Amino acid sequence: MKIEFKDVTFQYYSEEKPVFEHLSFTIEQGTTTAILGHNGSGKSTIAKLIVGLLVPNAGQILIDDVELTEQTIDEIRKRMGIIFQNPDNQFVGVTVRDDIAFGLENHQVPREEMIQQIEKYATLVDMKDYLDKSPEKLSGGQKQRVAIAGALAMETELIIFDESTSMLDPKGTKEINQMMRSLKENFQKSIITITHQLEEAIFADRVMVLNEGKIVLDGTPQVVLKEKDILEASGLKLIDGLDVLNRLEKDDFDHKSSIMEALWELIFKM
Amino acid sequence: MGIDFQNVDFKYAKKATTKQLDQVSFSIQEKDEFVMILGQTGSGKSTMVQHMNGLLLASGGQVRIFDQNIIRSKKLKLKPIRRHVGLVFQFPEYQIFESTVLKDVMFGPKNFGKTKEEAEQLAKDACQLIGIPSDLLERSPFNLSGGQMRRVAIAGSLAIDPDILILDEPTVGLDPKGKDELMDLLVDIQQKTHKTIIMITHDMDIVANYAKRVLVMNHGKLVYDGTVQELFENESHLKQYNLDLPTSALLAKGLKEKGLLDYQRLPLTKSQLYTAIVRGGEDNE
C-alpha cells in the first residue's frame, strides 16, 4: 500500500498551534517504515490521519493514488490494521478466539473460513494454546500479539504499530519486536511502526524522525542512527551501544575499526 | 528496622496450593537505601511490596514495619504504617482526579489530618522535589504530558513525607528521556532526603545504571539479595530467573565472543563498556 501525504496541515481543535504544516512524504508499497519522535512530536497524529480517525485541515492524503475522503475511507480502511498503545483498551472479545473473530465477523466472513483464519493466525503469533483464555489471564505482550493476530486475520495490506510496545515490559516489547521482524520477512505487507524507541527502528527499511511537526531525518537506519546530535535534539535517547560508538569515533586505539564494525553489527542484531 | 520480613508466606485463599510468597526473609533499613526488586511477571514482586504497607497481610511468617507487627487483628492500625511507607502503584496517573495539580498533591497530607495550610506547604515541597515547576500548580493535571502527570502522582505520595517510598515500575510507558529524568530525580530525592526508596522494575538498563542493592523474586521465593555486579556476572542464575542482561553487557559479551574485547568485570553500563574498549585488555576496575 502506497501512502502519500501532500502538504498536509493538521491542528487539534483545542490546541493553539498546528501539529504540522505542509507535511509531505511518500511511503512506498511493501516497505517497513519507522516513524520516530518523542512524546508530543506529532508521530501518532500521522497514524490517526492515515487510518482516517483524524481529517487534515489542509492538504491531501493519497492511498494507492486514491484520495482519502469521506466517500473513500470505508473501503480504504478495510485494507488497514492498526495496533494501538494500550493492550487493555483494544481487547474486545471474552476469549482470545472471540477477539480475533471480532473483525472477521464485522466483515461477514463465512464461519468455516473464520475458524480456519483464527487457527492460522493464532498459531502464527504463538497464541494457539490460549484461544479459550480470557484477557485477564494474559500478559500485556500476549494481548498485543492477539491484537496482531486480529489484524493479520483481516489480511490487510498495511499494518500500523502505534506505540504498541510502550506500555509493555521489556519481555513483551521483545516479543512484539520479534513479531514485527517476522512480519517484515514473511509477508508482503506494508508496515509502519510509530515509536520513540530507537531499538524498534533498527530493522526498518526506512526511518523518519519527526520533531516539532517536521521531518528532520529520513533514510536507512544505518544513516539515520548515526546522527547523534539531531536525534538528541529531537528528544530521542541513543541506545547505549550507539552512544559508545559515538564516543569511540573521536578516540584512537588498537583495532578501532574492527571493534566499531563489530559493535554496529551487534546493535543491528539486537 | 524499617521493613523486616521473616519467613513470610502468602496465599490468596487458605486452601490454595500455590503460594504467592514462599518463605521470604529480608530486611530494609528505614533510611538511606535504594533497592530494586526484579523478577518476571507473576514472580511475586507486587505481592511482596503490598505487604510492606499493610495492603496485604501475610498468611504465615512475620512482617514488621517500623517495629510494628503486621498481623490480622482488630487492633492493627494501618494509618501510621502508611505514614511511614508510601506506595506508588503502576501508572499512578490514572488515579489523578482533582481539578488542579496542587489540589491533587494536597489530597494525601489532608487525608492524614494536616490542615489546609500544612498540606499546601507539604504539596509544594513535594512538587519541588520531583521537579514540577511552580507555574503548573494551578493547572489542570489532565492537560499535562504523560511524564508530568506521572510526577504529579508521585508527588502525591511524597507529600505525605513517608520515610520509605515504594514505586511499582515508575518508568513504564515514559519515553527514554522521561525515564532518565525520573530516575535522576529519584536518586536526587534519595540523596537529599535520605529516604529509603524501593522500586520494582523490569528494565535491566535502569538496574545497571541506578541500583545499589537488588532483590530478585522467582516463583514467590526471594532468590537473590545482593549487588548488581554479582547478579549480572552469574549467567546460570540469570537464565534460571528469566532475567536479561543490560544492553551494554550484551554488547560487551558479543565483542568478547568475537575476540575483540577482554575484561575482568563484565561492563554493565555504557561508560563501563566504553572504558573497557578504550583500555583494551587492561583491568577496567
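This is a predicted model: local features need pLDDT of at least 70, side-chain atom pairs count only at pLDDT 80 or more; totals for chains, interfaces and linings use all residues.
## Domain layout

Chain B is split into two parts: domain 1 covers 3-244, and domain 2 covers 245-285. Between the C-alpha centres of these two domains of chain B there is a distance of 32 Å.

## Extent of the interface

Where domain 1 of chain B touches domain 2 of chain B, 12 residues of domain 1 are in contact with nine residues of domain 2. The area buried between the two domains is about 890 Å². Carbon and sulfur atoms give 54% of that area.

On the side of domain 1 of chain B, the residues that lose the most area to domain 2 are Asp205(B), Gln229(B) and Phe232(B). Together these three account for 47% of what that side buries.

## Polar and charged pairs

One salt bridge is found across the interface of domain 1 and domain 2 of chain B. Glu235(B) and Lys253(B) form a salt bridge, with their closest N and O atoms 3.2 Å apart.

## The domain 1 side

Three elements of chain B each give two or more residues to the side of domain 1 that touches domain 2: α7 (204-210), α8 (228-233) and α9 (235-241). Sorted by class, this side of domain 1 of chain B has six nonpolar residues, two polar residues and four charged residues.

Methods: Residues are numbered from 1 along each chain as its sequence is written. Chains are lettered from A and ligands numbered from 1 in the order in which they are written. Side-chain values use heavy atoms; hydrogens and water are left out. Domain bounds come from an automatic or database domain assignment. Contact means heavy atoms within 4.5 Å. Buried area is the accessible area (1.4 Å probe) that two parts lose on being put together, summed over both. A salt bridge is a side-chain nitrogen of Lys or Arg within 4 Å of a carboxyl oxygen of Asp or Glu. Helices (H or I, at least four residues) and strands (E, at least two) are DSSP runs, numbered from the N terminus. Ala, Val, Leu, Ile, Met, Phe, Trp, Tyr, Cys and Pro count as nonpolar, Asp, Glu, Lys and Arg as charged, and the others, Gly among them, as polar.
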